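Biologist: Could we go through this model together, one topic at a time?

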Amino acid sequence: MDLRKERKKTHWFKRMEQMHPYQTLIYLAMFSSGLIFLFLTLSFIFSQSETNSFAQYKIPKPFIISSLILFGSAFISEKILPAFLAHDLKKTKINLVYTLFLGLSFTAFQFKGWEELSNSGVDFTGLPAGSFLYLLSGIHLVHLTGAMIYALVLLLLIYNSEKDEVKTLVLLTNPYEKMKLELFIIYWKFMDIVWLILFGLFLWVLQ
């Protein structure tokens, strides 16, 4: 039994050692971000349970719309890698553009949601616990912005490769390029999951 456990540990360490630095960086970033969101979420829950200060407020409609948009972007992002593996750069590029567009739409509705919260009296000065609403959604948006910038970099890479047959061949056959798309999709889904958890939390307090 101990030998099996030891083999599993060894196998796990070997997998870690074999990971590309970018993979390690992304997974560590997701882990650290998860801890930050967990800490802030728990702090928000405890502050809310003590004051019950959001009882008279409602969830902003732009937050509902933005949640649907981000949820839809998860399905679009699923199509990126299959198109790339099928050597269809046009579809890969289109799905990346759609994902980026939905991310930008989500951002626009987030700002509308903050505006609606502010107009209803939930802000940094009038309601102490209200700062958590802006902080949680704001930090999430910052992380998502990083993913959108990366999507733009990938789009530029594909666009430049399409102009040259040799570059196109290298792009499609290089495992490193495939890995970059995989990491983008993983991180994007992570951001989707984080927002859905936050949105569920906002629904709970703003009811």
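Biologist: How much space lies in the largest pocket?
Modeller: The largest pocket of this predicted model holds about 180 Å³ of space. A pocket is an open set of points on a 1 Å grid over the protein atoms alone where a 1.4 Å probe fits, with protein on both sides within 12 Å along at least five of seven lines; lining residues have an atom within 4 Å of a point. The volume is the space filled by probe spheres set on the points, which are joined across faces, edges and corners.

Biologist: Which residues line the largest pocket?
Modeller: The lining is made by Tyr 22, Leu 25, Ile 26, His 143, Gly 146, Ala 147, Tyr 150, Leu 183, Phe 184 and Tyr 187.

Biologist: And which helix gives the most to that lining?
Modeller: H6 gives the most, with four residues. At least two lining residues come from each of H2, H6 and H8. Helices here are DSSP runs of H or I with at least four residues, numbered from the N terminus.

Biologist: Before we go on, how are the residues numbered, and which parts of the model count?
Modeller: Residues are numbered from 1 along each chain as its sequence is written. In this predicted model, local features need pLDDT of at least 70 and side-chain atom pairs pLDDT 80 or more, whereas totals for chains, interfaces and linings use all residues, and side-chain values use heavy atoms, without hydrogens and water.

Biologist: Let us turn to the rings. How many aromatic pairs does a search of the whole structure find?
Modeller: The search finds 10 aromatic pairs. Rings of Phe, Tyr and Trp (its six-membered ring) pair if their centres lie within 6.5 Å; planes under 30 degrees apart are stacked, over 60 edge-to-face, and the rest tilted.

Biologist: Which arrangement do Phe 71 and Phe 75 have?
Modeller: Their planes stand at 80° with the ring centres 5.3 Å apart, so Phe 71 and Phe 75 are edge-to-face. Both residues belong to helix H3 (residues 61–77), where four residues, about one turn of the helix, separate them.

Biologist: What about Tyr 150 and Phe 184?
Modeller: Tyr 150 and Phe 184 form a tilted aromatic pair, 6.3 Å centre to centre with 50° between the planes. Tyr 150 sits in helix H6 (residues 130–162) and Phe 184 in helix H8 (residues 175–205), so this pair ties together parts that are 34 residues apart in sequence. Both of these residues are also in the lining of the largest pocket.

Biologist: Why does Phe 184 count as buried?
Modeller: Phe 184 counts as buried because its relative accessibility is 2%.

Biologist: Which residues do ring pairs link into a cluster?
Modeller: The cluster consists of Phe 63, Phe 106, Trp 195, Phe 199 and Phe 202.

Biologist: Now to charges. How many salt bridges does a search of the whole structure find?
Modeller: There are five salt bridges in the whole structure. A salt bridge is a side-chain nitrogen of Lys or Arg within 4 Å of a carboxyl oxygen of Asp or Glu.

Biologist: With which residue does Lys 189 form a salt bridge?
Modeller: The partner of Lys 189 is Glu 78, and the closest N and O atoms are 1.8 Å apart. Lys 189 lies in helix H8, while Glu 78 is in the loop between H3 and helix H4 (80–85), so the pair ties together parts 111 residues apart in sequence. Lys 189 is partly exposed at 30%, and Glu 78 is partly exposed at 39%.

Biologist: And how do the side chains of Glu 177 and Lys 180 meet?
Modeller: Glu 177 and Lys 180 form a salt bridge of 3.0 Å, N to O. They both lie in helix H8, three residues apart. Glu 177 is buried at 12%, and Lys 180 is buried at 13%.

Biologist: One last topic: what is the phi of His 87?
Modeller: His 87 has a positive phi of about 60°, although it is not a glycine. Most residues other than glycine have a negative phi. His 87 lies in the loop between H4 and helix H5 (89–119) and is partly exposed at 48%.

Key: Buried means under 20% relative accessible area, exposed over 50%, partly exposed in between (1.4 Å probe, protein chains only).
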